Amino acid sequence: MTDLTKLTIAEARDGLQKKDFTAIELTDAFVSAIEKGNGALNAYVLQTPEHARAQAKESDKRFAEGKARPLEGLPLGNKDLFCTNGIRTTACSNILGNFKPTYESTVGQNLWDAGAIMLGKLNNDEFAMGSSNETSAFGNVVNPWRRKGKDGKASTDKLVPGGSSGGSSSAVAANLCLAATATDTGGSIRQPAALTGTVGIKPTYGRCSRWGIVAFASSLDQAGPITKTVRDSAIMLKAMASHDPKDTTSVDAPVPDYEAVLGKGVKGLRVGIPKEYRVDGMSAEIQKLWDDGIAWLKSAGATIHEISLPHTKYALPAYYIVAPAECSSNLARYDGMRYGLRVNGDDLIDTYEKTRAKGFGREVRRRILIGTYVLSAGYYDAYYLKAQKVRTLIKRDFDEAWNTVDVVLTPTTPSPAFAFGEKSGDPLAMYLEDIFTVTVNMAGLPGMSVPAGLSSQGTPLGLQLIGKPFDEETLFRTAQVIEDAAGRFPVPDAWWMKG
Amino acid sequence: MSSQKIAEKPTSKNLIAGATGDWEVIIGLEVHAQVASKSKLFSGSSTGFGAEPNSHVSLVDAAMPGMLPVINRECIAQAIRTGLGLKAQINLKSVFDRKNYFYPDLPQGYQISQYKQPIVGEGEIEIEVDGELLKIGVERLHLEQDAGKSLHDQHPDYSYVDLNRSGVALMEIVSRPDLRSSKQAQAYVTKLRTILRYLGTSDGDMEKGNLRADVNVSVRKPGDKLGTRCEIKNVNSIRFIGQAIEYEARRQIDIIEDGGKINQETRLFDSGKGETRSMRSKEEAHDYRYFPDPDLLPLEFTQSYVDELQSGLPELPDEKRARFMKSFGLSGYDADVLVAERSSADYFETVAKGRDGKLAANWVINELFGRLNKEGKAIEDSPVSAGQLGGIVDLIGSNAISGKIAKDLFEIVWTEGGDPADIVEKRGMKQVTDTGAIEKAVDAVIAANPDKVEQAKAKPSMLGWFVGQVMKSTGGKANPAAVNDILKAKLGL
């Protein structure tokens with residue numbers, strides 16, 4: 001039998017429908033792949049094989065009864081930021097300890113209601129704060145991709161899978177699940193997708209419910225999938241998105257059938273190329289990647305237009321005010337009083353201090369401190385208020401752009417996957433990973449990363465598409481054209497399965 | 001604004017005498033009133049009082065990871081109704097902010113409140129103190145979450161937390177510093193409470209903590225600029241509000257007159273000792289790091305929604321008082337007593353409808369309220385219904401019974417119930433107006449007391465004695481006016 005773990009969602013869906021294999025067989029294939037491969041990658045922080053098999057059994061029953069649901073029997077990984085009913089959820093932070101929610105996130109529930117199977121909880125940067133998955137309380141996640149050594153052979157140096165959804169990107173690239181849930185506050189879906197040769201979409205703010213997802217920065221957080229293909233991305237987002245009365249920022253608008261638009265092409269589509277994204281010191285290979293993307297879309301019938309998004313350069317600094325400000329408040333509930341870690345001190349204040357000092361890692365503490373500072377009396381106007389004004393201007397830049405273009409094309413990241421420790425000592429260098437992605441969150445727009453080529457080191461690079469609010473359909477059909485032109489980027493050697 | 005006028009012209013009777021001259025006390029109140037609603041401001045948990053600790057706590061109230069607030073529409077409607085009742089500006093767009101601080105009874109680590117853009121802006125409340133009519137400015141009304149409750153007496157080493165109140169909706173109603181005496185402050189809170197109860201937007205029950213006030217007090221020499229204020233937190237009765245102000249004003253005057261300075265601080269009122277105590281100084285004050293709650297979109301509604309709520313508002317105490325005085329000819333005092341509670345006013349109106357308003361007011365206030373007070377009963381629990389009392393008033397009005405008999409009748413209806421007219425009929429309580437029968441009784445009394453008849457000729461005021469005797473012999477049922485007339489004629493007075 002072929003290796004079932006290498007299938008895409010679309011292929012696995014067909015196979016299950018045609019009864020080429022059962023949901024149990026498919027699930028078991030992933031369970032054993034995880035058992036074998038997760039040790040080297042550390043993508044899963046919790047494996048739930050029993051839970052998965054129980055769901056698979058139900059799926060097979062439904063197939064037998066002809067009552068299969070849209071994602072029936074498809075095994076997925078679930079980022080540990082999504083609360084899972086009765087199953088440990090930690091956001092990869094010590095402060096949550098062995099916290100077991102009594103509820104399921106809306107996005108998760110949508111997936112399980114559609115018949116999907118959960119294989120386990122995926123690693124991420126602590127509270128989704130990081131761009132390399134080096135801040136997790138469960139340790140680093142390893143990228144299945146390796147650089148080409150000088151001798152042309154693969155180097156054994158470990159590379160980061162991106163972050164914060166590093167467990168999701170690594171697991172999908174390494175075939176440890178068909179697809180994975182992820183979240184994106186400043187690039188946490190798109191950047192790891194770009195660094196692992198996978199597809200990641202952050203939908204429009206309000207498209208997916210945030211209910212039951214551990215909050216980082218409420219006005220920026222959005223859930224989305226990381227998948228192997230554009231089609232899989234369309235299938236997953238359709239299932240994840242919904243209007244949720246429990247999240248008043250979720251939008252009451254119908255969720256289109258994204259898969260239906262995939263063959264429509266880009267003929268006549270107006271593609272914007274923002275000149276401000278040609279940053280100083282952009283590497284030649286990123287420039288070439290971008291040019292390739294332009295050429296592919298052009299030859300598919302799109303028209304290319306240079307546009308200006310003048311406030312782009314302020315996006316990153318403004319983001320690093322807004323996101324920490326919201327996080328400093330969102331994380332106040334982790335106080336050791338009701339759940340999670342408590343370190344008893346001499347008095348109440350001492351207990352708070354000891355608990356939070358032990359429970360939060362360095363990066364989370366750094367952002368809480370920044371956030372507390374920028375919201376403090378006397379600094380609020382200069383930082384938080386000003387950042388919100390910048391945010392309005394960034395939105396306005398895009399509103400202007402939509403008068404002349406339908407979609408915007410940029411690189412996803414300024415560079416390919418890097419080695420552990422390369423940037424983690426320098427927060428500013430790490431923050432620059434988000435330079436092309438944060439604007440999208442600040443403006444609340446949909447953004448998608450599609451694998452488009454390999455770096456000189458033989459590691460993947462991604463192109464980013466940015467769309468109008470709630471126009472994910474244009475992203476999907478444009479991304480399909482890029483995927484068709486660039487081809488897919490499976491990891492050449494499954495070294496992690498070799499023990 | 002009227003408030004400015006008050007500030008510039010202190011009335012001498014409100015001044016407090018000190019060693020160095022007279023002092024003026026400046027008071028502003030922040031009243032926290034629990035919104036009357038079945039569920040909490042941002043969750044579906046019950047707001048029921050007196051439940052087992054932590055039995056009304058949802059995932060949102062306990063601030064579990066990933067939980068989000070959803071605005072309770074009814075709480076918004078109640079805040080708008082209250083704003084309308086205070087003749088205040090209703091803001092069609094307002095914003096919920098987070099007020100950040102750590103405390104075990106605050107699960108989120110922040111209180112959702114309204115800071116820069118409250119739902120209700122400026123309004124006013126009219127009060128009357130010592131015959132003086134004052135308009136007290138209301139600066140704003142905003143909605144916010146209540147916190148839970150820390151229980152420090154349950155365990156030798158630990159404090160417990162009860163989150164039943166966590167997330168219950170409160171309206172914070174902030175007055176301008178227009179109040180000049182403890183009496184005015186008490187009148188303001190009393191009036192505000194009456195308005196809230198009329199509107200049905202808060203039960204104003206201070207014993208349950210559903211209405212409490214932060215009292216800001218400062219003193220100055222008349223005409224000087226405002227002094228440094230102290231805030232007395234969470235005073236939970238109208239009496240204590242008065243005591244706290246009196247104590248605090250005197251404390252501040254003494255400090256200044258001794259050459260000291262007032263430190264801006266937050267104080268507590270100790271009702272046992274009748275004094276205020278320092279809680280924390282300005283330096284120790286929290287930096288709450290307010291910012292708009294990103295989990296909630298700005299709150300927006302239309303003017304037509306406000307109009308719809310306006311049209312559903314009941315008549316408010318000031319209007320009702322004016323109407324009672326005009327249509328029923330009541331005195332200001334009687335009208336005040338009757339409108340103090342909506343239920344009393346409604347009771348009165350039922351009694352007065354189609355009858356003599358003054359007579360009805362007299363019976364409601366003197367007989368009914370007197371009796372209710374004596375037995376510690378609320379008007380809702382009155383054994384005599386408005387219909388029954390109306391029946392009694394009818395019998396007095398038609399001269400069927402005398403005022404004295406009416407009191408006996410009231411007693412019977414109070415204890416036994418029943419239709420007043422039936423009781424009068426069945427028990428023969430009807431006033432005797434048959435002059436023949438009265439004449440007989442008069443003749444008998446005259447015949448039995450020849451000496452008194454003689455005395456009466458010299459001293460006509462003896463008539464009273466004869467009236468008494470006749471009433472006695474008729475069992476009080478004789479019409480007193482007829483008895484008087486017949487006696488006068490027979491005695492030749």
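**Close-ups of a predicted model**

**View 1. Helix α3 on the sheet of chain A.** Here helix α3 (residues 49-65) of chain A lies across β1, β2 and β3 of chain A, at about 160 degrees to β3(A). Helices (H or I, at least four residues) and strands (E, at least two) are DSSP runs numbered from the N terminus. Angles run from 0 to 180 degrees between N-to-C directions, with axes fitted to C-alpha atoms, for helices over the stretch in contact; contact means C-beta atoms, placed from the backbone, within 7 Å. This is a predicted model, with local features needing pLDDT of at least 70 and side-chain atom pairs 80 or more, while totals for chains, interfaces and linings use all residues. Residues are numbered from 1 along each chain as its sequence is written, and chains are lettered from A and ligands numbered from 1 in the order written.

**View 2. The open sheet of chain A.** Eleven strands line up as β1-β3-β2-β4-β6-β5-β10-β11-β9-β7-β8, with mixed pairing (a pair needs at least two DSSP bridges).

**View 3. Where β5 meets β10.** In chain A, β5 (residues 199-202) and β10 (residues 447-454) pair in the antiparallel sense over three bridges. Look for A:G200 opposite A:S449.

View 4. Chain B has 16 helices and 16 strands. Its radius of gyration (over C-alpha atoms) is 30 Å, well over the 23 Å of the globule rule (2.2 Å times the number of residues to the power 0.38) for 493 residues, so chain B is more spread out than a compact globule.

Terms used. Two residues are in contact if their C-beta atoms, placed from the backbone, lie within 7 Å.
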